[in-house]
Amino acid sequence: MKKFRLRGRRRKNRVEKRERIPLRAIVPNLITSLAACAGITSISLSSEGRWTEALVALLVACLCDGIDGRVARLLKCSSKLGAELDSLADFVNFGVAPAMFMYYWLTGGPDHIGVSPQLTRLVLGCALFYAMCDCFRLARFNTMLEQPTLPYWLNYFLGVPAPGGCWMVLSPAIVSLALDAKGKNPVCAEFFQNPYFGMFMLLFVGALMASRLPTISLKHLHISKRAQLPLMAALLLLVALLVSNFWLTLGVIGIGYIFTVPVTCFCFTQARAKYERMQPLPQTVQS
């Protein structure tokens with residue numbers, strides 16, 4: 001009887017251990033929740049017309065989004081709950097928050113000063129289109145996680161990723177605020193804040209996120225040893241520009257990111273053609 005009792009206790013202890021999780025498993029989810037809180041804070045700041053603070057909140061959300069997955073892998077506590085929470089936070093941070101920022105910024109703030117009601121509704125429609133394209137892009141990304149990846153897709157994303165789309169669509173606002181803050185080139189700053197140009201950016205970037213165009217991915221990208229020194233020099237120059245004029249440099253890089261899309265498409269077609277040439281020809285069945 002004692003042996004049976006001991007076996008029963010061991011089974012009970014094993015079940016209790018399976019139902020428990022280590023405390024470190026909460027850390028990645030806390031970082032993801034912090035990212036979502038930063039995105040919601042950005043929406044609130046945008047509604048008050050505090051543009052720089054709203055951009056800082058979005059920057060904090062981007063940083064948290066970039067480290068939560070790495071922290072989860074480092075602590076060996078990845079979970080399906082964390083993956084779903086990360087997708088919902090990405091929709092808030094890179095879909096809703098940039099759309100609302102552009103809506104308030106293009107329509108003159110919470111009071112919509114100087115903008116007609118018809119134009120305000122048009123801007124809102126374009127902002128909703130951008131947010132829904134981001135939602136579609138994230139949903140498609142989640143459905144493709146378990147699908148096999150072809151070798152020539154390793155260095156590319158399918159469509160513009162959500163953080164990249166957020167960076168693209170906010171680039172005109174970042175450049176305009178950077179120029180207007182120092183009183184330099186007010187004509188250029190007003191051009192970027194034009195509602196029609198802003199609507200074009202919302203529609204264009206939203207379409208890029210929902211499209212099937214290949215965009216560059218740096219996760220598996222390798223460089224040659226000869227390109228190491230020039231790349232380090234370019235990165236040091238970039239760091240110097242960010243230190244000297246952070247917002248203007250960030251906005252110019254975001255605008256330049258848009259022009260990498262056609263170059264990436266050309267490189268992708270070359271890589272796919274090379275892969276298809278290396279594949280063996282199918283053998284014909286002789287009758």
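Biologist: Which helix holds Val56?
Modeller: Keep in mind that this is a predicted model. The helices are numbered from the N terminus. Val56 is found in helix H3.

Biologist: Is Val56 buried, exposed or partly exposed?
Modeller: Buried means under 20% relative accessible area, and exposed means over 50%. Val56 has 39% relative accessibility, so Val56 counts as partly exposed.

Biologist: How far apart in space are Val56 and Gly39, C-alpha to C-alpha?
Modeller: In sequence, Val56 and Gly39 are 17 residues apart. In space, their C-alpha separation is 10.0 Å.

Biologist: How are H2 and H3 oriented to each other?
Modeller: Their axes come within 8 Å and cross at roughly 170°. Angles over 145 degrees count as roughly antiparallel. Therefore H2 and H3 are roughly antiparallel.

Biologist: Which hand does the crossing of H2 and H3 have, and how many nonpolar residues does their contact have?
Modeller: H2 passes H3 in a left-handed crossing. Their contact has four polar and three charged residues. The nonpolar residues of this contact number 18.

Biologist: Stay with H2. Is Thr32 buried or exposed?
Modeller: Thr32 is found in helix H2, which covers residues 26-47. Its relative accessible area is 4%. The cut-off for buried is under 20%, so Thr32 is buried.

Biologist: Is Asn29 buried or exposed?
Modeller: Asn29 is also found in helix H2. Its relative accessible area is 17%. The buried class runs under 20%, so Asn29 is buried.

Biologist: Now H4 and H5. How do these helices run relative to each other?
Modeller: H4 covers residues 80-106 and H5 covers residues 117-143. They pack at an angle of about 165°, with their axes 9 Å apart. That angle makes H4 and H5 roughly antiparallel.

Biologist: Which hand does the crossing of H4 and H5 have?
Modeller: A crossing is left-handed or right-handed by the way the near helix is turned from the far one. For H4 passing H5, the crossing is right-handed.

Biologist: How many charged residues are in the contact of H4 with H5?
Modeller: The H4 side includes Asp90, Phe94 and Gly95. The H5 side includes Tyr130, Ala131 and Asp134. By class there are 15 nonpolar residues and four polar ones, and the charged residues number two.

Biologist: Is Gly95 buried or exposed?
Modeller: Gly95 is found in helix H4. Its relative accessibility is 0%. That is why Gly95 counts as buried.

Biologist: What does Gly95 touch, not counting residues up to four places away in sequence?
Modeller: Gly95 lies 43 residues from Leu138 in sequence and 9.8 Å from it in space, C-alpha to C-alpha. The residues touching Gly95 are Asp90, Tyr130, Ala131 and Asp134.

Biologist: Is Tyr196 buried or exposed?
Modeller: Tyr196 lies in helix H8. Its relative accessibility is 56%. Exposed means over 50%, so Tyr196 counts as exposed.

Biologist: Last, how many helices and strands does the chain have?
Modeller: Buried residues make up 36% of the 287 residues. The secondary structure comes to ten helices and two strands.

Key: Residues numbered from 1 in each chain as written. Predicted model: local features only at pLDDT ≥ 70, side-chain atom pairs only at ≥ 80, totals over all residues. Heavy atoms only, no water. Axes fitted to C-alpha atoms, helices over the stretch in contact; angles between N-to-C directions. Helix = DSSP H or I, 4+ residues; strand = E, 2+ residues; numbered from the N terminus. Parallel < 35°, antiparallel > 145°, perpendicular 65-115°, else oblique. Contact = heavy atoms within 4.5 Å. Nonpolar A, V, L, I, M, F, W, Y, C, P; charged D, E, K, R; others polar. Buried < 20%, exposed > 50% of the residue type's maximum accessible area, 1.4 Å probe, protein only.
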